[in-house]
Amino acid sequence: MGKSSQISGFYKLSTQERAKIVKEFANLTDEEVGLIRATGALKLEQADRMIENVIGVMPVPLGIAVNFLINGKDYLIPMAIEEPSVVAAASNAAKMARVKGGFTTNSTAPIMIGQIQAVHVVDPHRAKLEILSAKEEIIKKANEQDPILVSLGGGAKDIEVKVIDTITGQMVITELLVDCRDAMGANAVNTMAEAVTPLIEKITLGKVYLRIISNLATKRLARAKAIFAKEALGGEEVVDGIIEAYAFAAADPYRCATHNKGIMNGITAVVLATGNDTRAIEAGAHAYAARSGQYIPLTVWEKNNDGDLVGTIELPMAVGLVGGATASHPIAKIAIKILGVKTATELGEVIAAVGLAQNLAALKELATIGIQKGHMALHARNIAIMAGATGELIDKVAEALAKEGKVRLDRAKQFVEQFIKQEASK
Ligand code: NAD
């Protein structure tokens, strides 16, 4: 019989006791348990307060993308990501953008949407009108929940109401529009949405079920633009190739998913490094890309009169500098210090610029030498490690693989053996 994963009271145990159970379940060695529990800056006690059932931490490399000039200001960009070549690609694209002055950005106010779902409303359009008439009362009730946010100039600002058709009938959806200032806002908005529920039920005479923030943050958009000189890209042919790549993504969701994935390589890495909610940003980005009914690229690429490439990006950007892990994770705090951003809006705009840079780098590679050449040079190190190389041997094997153009595990194993033998016979 297999081992059971049904473990009652797991949450009540210490991180050490939990690790012991997992060790037995998965036949981990003492060394493996040691590695899981070998925390760096994030101490086990801190991790244990962040999520449930903690046994250790999962370190991810933190790299710095260089060369970013955004609105005339220089930024070093912390990126937390396990995938090779992303940080190098962002730095490279940012360098190319500098030729024409770097990135320019803007954004909307940090408005998040909280949804309140009322069902079984007999006369939904009457209800809609009356909810709108009670706007001031609803906003007042919402704002009573968060005097700090209100004191900072944020808080509920407006409401919108829609009647939607669903498979279970019509629903009246009230949307609270909340300025979240420097917070991502989920807790703040959810609290407000719950607080106004009695008012909505009184007006609609229906039943309220869900009261929750929407991750499709269409009122909290970040935008970035950059011009890439054709000379910096390698000529007008490269510009044309990139526009063809963009056109492909705009017409075909299979290509577009990968186009947007490349953008999210950069975006998610900065979101994670700053302790923000990667899932919230990803859900928002992909839902925004599909808002017209067709899934389209988050970026647009065009050619200007000079034959240079002009790139723009626009996407929802619900990131914060307070709340969640942003202010409690010790590395996130340092990442924000490295970035030097003063507001959540500034952080969002920097992230949008990174997404645009990441996309340019990927499209340039795809439209010219192909993705594997550059990618594989870095990937070769991972393959070398997988083949058993350690220490100086890693780079030696990686170099040999890259030189040969065959970055494969079988070949890496042969090189490891060969180099070890050579070393032994010296
Ligand atoms: P929070 O509630 O921890 O902090 C926000 C609060 O901080 C504000 O309500 C305000 O009272 C206070 N504050 C102090 N200084 C502020 C400033 N300068 N600007 C704004 N507020 C300031 O955090 P939150 O941002 O409301 O919630 C974020 C967390 O919610 C994240 O951890 C996220 O993962 C989680 N979450 C997300 C979802 C979702 O995305 N669907 C759902 C639930 C929870």
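**Aromatic pairs**

I started with the rings and found four aromatic pairs in the structure. I keep in mind that this is a predicted model. I looked up Phe68 and Phe103 and have them down as a stacked pair, with 5.5 Å centre to centre and 15° between the planes. The two come from distant parts of the chain: Phe68 belongs to strand β1 (residues 62–70) and Phe103 to strand β3 (residues 103–107), 35 residues apart. Buried or exposed, I asked of Phe68? Phe68 is buried, at a relative accessible area of 0%. Phe103 reads as buried too, with a relative accessible area of 0%.

Then I went to Phe228 and Trp301, and this pair is tilted, with 5.9 Å centre to centre and 50° between the planes. Phe228 sits in strand β8 (residues 221–228) and Trp301 in strand β9 (residues 299–303), so the pair ties together parts 73 residues apart in sequence. I checked burial here as well, and both Phe228 and Trp301 are buried. Putting it together, I noted that ring pairs join Phe68, Phe103, Phe228 and Trp301 into a cluster.

**Around Trp301**

I followed Trp301 along its strand to see what it faces. Its bridge partner in β10 is Gly311. I find β9 and β10 paired in the antiparallel sense, over five bridges. The two strands make a hairpin with five residues between them, and I marked Gly307 in the turn for its positive phi of about 85°.

**Helix α11**

Which residues of α11 are buried? I listed Val238, Val239, Ile242, Ala245, Tyr246 and Ala249. They cover an arc of only 120° around the axis, which means they are on the same side of α11. On the other side I have Glu237, Glu244 and Ala251 as exposed.

I also wanted to know what the buried residues of α11 pack against. My list reads α10 (230–233), α12 (253–273), β9, β10 (309–316) and α15 (344–367). That brings me back to the hairpin of β9 and β10.

**Charges over rings**

I looked for charged ends sitting over rings and wrote down two cases. The charged end of Lys396 sits over the ring of Phe419, 4.6 Å from its centre. The charged end of Arg411 sits over the ring of Phe415, 4.3 Å from its centre.

**Two arginines**

I took Arg18 next, which lies in helix α1 (residues 15–26). Arg18 is buried, with a relative accessible area of 3%. Leaving out residues up to four places away in sequence, I have Arg18 touching Phe10, Tyr11, Leu13, Asp48, Asn53, Val54 and Ile55.

Key:
Residues are numbered from 1 along each chain as its sequence is written. This is a predicted model: local features need pLDDT of at least 70, side-chain atom pairs count only at pLDDT 80 or more; totals for chains, interfaces and linings use all residues. Side-chain values use heavy atoms; hydrogens and water are left out. Rings of Phe, Tyr and Trp (its six-membered ring) pair if their centres lie within 6.5 Å; planes under 30 degrees apart count as stacked, over 60 as edge-to-face and the rest as tilted. Helices (H or I, at least four residues) and strands (E, at least two) are DSSP runs, numbered from the N terminus. Buried means under 20% relative accessible area, exposed over 50%, partly exposed in between (1.4 Å probe, protein chains only). A charge sits over a ring if NZ of Lys or CZ of Arg is within 6 Å of the ring centre and within 35 degrees of the ring normal. The arc is that of the directions from the helix axis to the C-beta atoms. Contact means heavy atoms within 4.5 Å. Two strands pair if DSSP finds at least two bridges between them.
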